Amino acid sequence: MALIDYSKVNIYHQDGDTVLENIDFKVNEGEFIYIIGKVGSGKSSLLRSIYAELDIEEAEKVLVLERDMMKLKRKEIPALRRELGIIFQNFLLLTDRTVSQNLEFVLKATGWKKADIEQRIDEVLESVGMMDAKYKMPYQLSGGEQQRIAIARSILNNPKVILADEPTGNLDPETADNIVALLKEITTKGTAVVMTTHNIPMLDKFPGIVYQCENKKIEDITDKYRRS
């Protein structure tokens with residue numbers, strides 16, 4: 001069963017303008033998916049519809065983690081988001097708290113028991129190679145290190161899907177490569193990653209499924225891209 005299954009879906013801006021229309025989009029377990037396209041083509045809007053930031057009002061089928069997004073109630077959104085990992089270009093770490101406190105904040109908010117929190121923090125920091133940063137403040141870290149912490153935060157609740165919106169946009173090429181390699185590694189454990197990007201050379205270094213947003217449509221261009 002697909003983790004995300006969109007069929008004939010229309011997505012609108014909050015002002016009512018059409019962003020994407022009549023689109024089909026599917027994500028299966030363990031897949032690494034790129035979404036490419038020009039600024040304003042709908043890449044971020046697609047991600048926002050998945051984590052219920054944008055409502056979907058017209059669709060033949062629109063399922064996210066077995067939930068019908070057209071019937072999803074507001075009170076059900078937090079539970080959905082607990083099963084998703086979300087990574088942003090600007091990291092969005094709490095600047096007045098240590099790395100450990102940033103992660104603790106998420107775990108407490110999602111119902112983890114106090115006895116388990118410390119162990120989980122250590123597990124995710126170890127997995128992204130950032131144990132040494134546990135008691136540092138975000139401003140003491142480089143951009144790449146902050147993005148690794150953001151990835152650690154995104155996997156705290158063992159998500160089935162990670163949504164990464166331009167996660168390498170503010171990073172130098174070498175650091176960007178390291179971040180994408182880390183995300184690719186996460187997919188080997190069954191978590192799917194959906195990543196928007198402008199960094200086209202990245203698609204050669206770390207192959208995946210490629211969708212392109214253009215003219216209010218989204219198309220799977222994986223075969224076309226690999227032939228080029």
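Predicted model: local features only at pLDDT ≥ 70, side-chain atom pairs only at ≥ 80, totals over all residues.
Q: How much space lies in the second largest pocket, and which residues are closest to its centre?

A: The second largest pocket contains about 250 Å³ of space. It is lined by 14 residues, and R120, I155, N158, I186 and K189 are the closest to its centre. The elements giving two or more residues to this lining are α4 (114-127) and α6 (173-187). With four residues, α4 provides the largest share of the lining of the second largest pocket. The lining of the second largest pocket comprises six nonpolar, four polar and four charged residues.

Q: Is R120 buried or exposed, and what does its side chain reach?

A: A single residue may be read by its place, its accessibility and its contacts. R120 is found in helix α4. R120 counts as buried because its relative accessibility is 11%, below the cut-off of 20%. Its side chain reaches the backbone oxygen of L156 at 2.8 Å. When neighbours within four places in sequence are left aside, R120 is in contact with L107, W112, I155, L156 and N158.

Q: How is a nonpolar core read, and which residues of the largest nonpolar core touch the most other members?

A: A core may be read by its members and by the elements that supply them. The largest nonpolar core has 40 residues, and Y34, L125, I151, L183 and M195 touch the most other members. Elements that give two or more residues to this core are β3 (32-36), α3, α4, α5, β7, α6, β8 and α7 (201-205). The element that gives the most is α6, with six residues.

Q: With which residues is L183 in contact, leaving aside its neighbours within four places in sequence?

A: L183 is in contact with F32, I87, I151, P167, V193 and M195. Of these, I151 and M195 are themselves named with L183 among the residues touching the most other members of the core. Apart from this core lies another, of 35 residues, including F25, A52, M69 and C213.

Q: Why is helix α1 described as largely enclosed by the rest of the structure?

A: The description rests on how many of its residues are buried. Helix α1 (residues 43-50) has eight residues, six of which are buried, so the helix is largely enclosed by the rest of the structure. The buried residues of α1 are K43, S45, L46, L47, S49 and I50. A52 follows α1 and has a positive phi, near 65 degrees.

Q: Where does T196 lie, and with which residues is it in contact?

A: T196 lies in strand β8 (residues 192-196). T196 is buried, as its relative accessible area is 0%. Beyond its neighbours within four places in sequence, T196 is in contact with I35, K43, L47, A164, D165, E166 and P167. A polar atom of its side chain lies 2.9 Å from the backbone nitrogen of E166. T196 and Q212 are 16 residues apart in sequence, and their C-alpha atoms are 9.7 Å apart in space.

Q: What is phi of E166 and of N22, and where are these residues found?

A: Phi of E166 is near 50 degrees, a positive value in a residue other than glycine. E166 is found in the loop between β7 (161-165) and α6, and E166 is buried, with a relative accessible area of 10%. Phi of N22 is also positive, near 55 degrees. N22 lies in strand β2 (residues 18-27), and N22 is partly exposed, with a relative accessible area of 43%.

Terms used. Residues numbered from 1 in each chain as written. Heavy atoms only, no water. 1 Å grid on protein atoms, 1.4 Å probe; cavity = no way out; pocket = protein on both sides within 12 Å on 5 of 7 lines; lining within 4 Å. Points joined across faces, edges and corners; volume = space filled by probe spheres on them. Nonpolar A, V, L, I, M, F, W, Y, C, P; charged D, E, K, R; others polar. Buried < 20%, exposed > 50% of the residue type's maximum accessible area, 1.4 Å probe, protein only. Contact = heavy atoms within 4.5 Å. Polar contact = N/O pair within 3.5 Å; in protein donor to acceptor, adjacent residues only side chain to side chain. Core = buried A, V, L, I, M, F, W, Y, C linked by side-chain atoms within 4.5 Å.
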